[in-house]
Amino acid sequence: MKKKVLLINGSPRKDGNTYIALSEVVSALEANGIETEIVSVGTKAVQGCIACNKCAELGRCVFKDKLYNAIREKLEEGVDGLIVGSPTYYAGPNGSLCALLDRVFYSCGGMLQYKPAAAVAVCRRGGASAVFDRLNKYFTINNMPVVSSQYWNSVHGCLPGEALQDAEGLQTMRVLGRNMAWLLKNIGQGGQSVPEKEERITTSFVR
């Protein structure tokens with residue numbers, strides 16, 4: 001069965017520099033036989049998590065907005081890998097993207113465990129490493145192997161289309177795509193089951 005990677009474009013600009021960066025990853029994935037789909041967060045306000053814990057009861061987030069539903073449906077249909085891209089806003093990812101990811105990972109994390117993932121950051125000049133770090137935390141708290149490239153997964157560009165001028169950044173995206181494809185194919189051939197799961201231990205430092 002053909003492998004599929006879902007890419008989330010965390011920029012409100014559907015065809016902006018973040019889209020250019022993710023499209024370069026897509027070109028490498030598809031050249032290696034991996035199916036892809038890009039979903040954009042768009043410009044509408046995104047509801048954040050309110051820690052109501054209703055998802056534990058309902059099996060899904062209590063808020064039923066279109067964007068969350070679309071991501072959840074795609075996860076239910078089955079994806080083998082995840083890539084999340086974001087522009088840099090105030091030394092961090094787009095707030096709408098984080099609002100979405102908080103809810104997706106809190107309520108749909110079980111559908112993402114052990115699936116390879118990667119973060120992509122786009123910036124004018126600085127702050128990409130903070131975006132990269134924040135996005136990777138979603139993966140590393142959820143048993144997801146993090147896919148690397150030849151350099152940190154960042155592309156530079158401010159004005160529309162400027163990312164196309166960052167030759168090194170675009171190459172980093174292509175290498176990321178090839179590395180993701182390589183890992184997915186090896187996982188598919190390995191036939192190994194996921195690691196044995198221990199009963200969860202949760203501690204608090206409040207006495």
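These notebook entries record what I looked up in a predicted model.

**Basis.** I number residues from 1 along each chain as its sequence is written, and my side-chain values use heavy atoms, with hydrogens and water left out. Because the model is predicted, local features need pLDDT of at least 70 and side-chain atom pairs count only at pLDDT 80 or more, while totals for chains, interfaces and linings use all residues.

**Strand E1.** I looked up E1, residues 4-9; strands (E, at least two residues) and helices (H or I, at least four) are DSSP runs numbered from the N terminus. I found six bridges joining E1 to the parallel strand E2, residues 35-40. In this pair, Ile 8 stands opposite Val 39 of E2.

**Helices H3 and H4.** I then turned to H3 (residues 66-77) and H4 (residues 95-108), whose axes come within 11 Å and cross at roughly 40 degrees. I noted the contacts (heavy atoms within 4.5 Å): Leu 67, Tyr 68, Ile 71, Arg 72 and Leu 75 of H3 meet Leu 100, Arg 103, Val 104, Ser 107 and Cys 108 of H4.

**Tyr 138.** I located Tyr 138 in helix H5, residues 128-140. At 9% relative accessibility, Tyr 138 counts as buried. Leaving aside residues up to four places away in sequence, I found that Tyr 138 touches Cys 98, Leu 101, Asp 102 and Phe 105. Tyr 138 and Val 104 lie 34 residues apart in sequence and 9.9 Å apart in space, C-alpha to C-alpha.

Terms used. Axes are lines fitted to C-alpha atoms, for helices over the stretch in contact, and angles run from 0 to 180 degrees between N-to-C directions. Buried means under 20% relative accessible area, exposed over 50%, partly exposed in between (1.4 Å probe, protein chains only). Two strands pair if DSSP finds at least two bridges between them.
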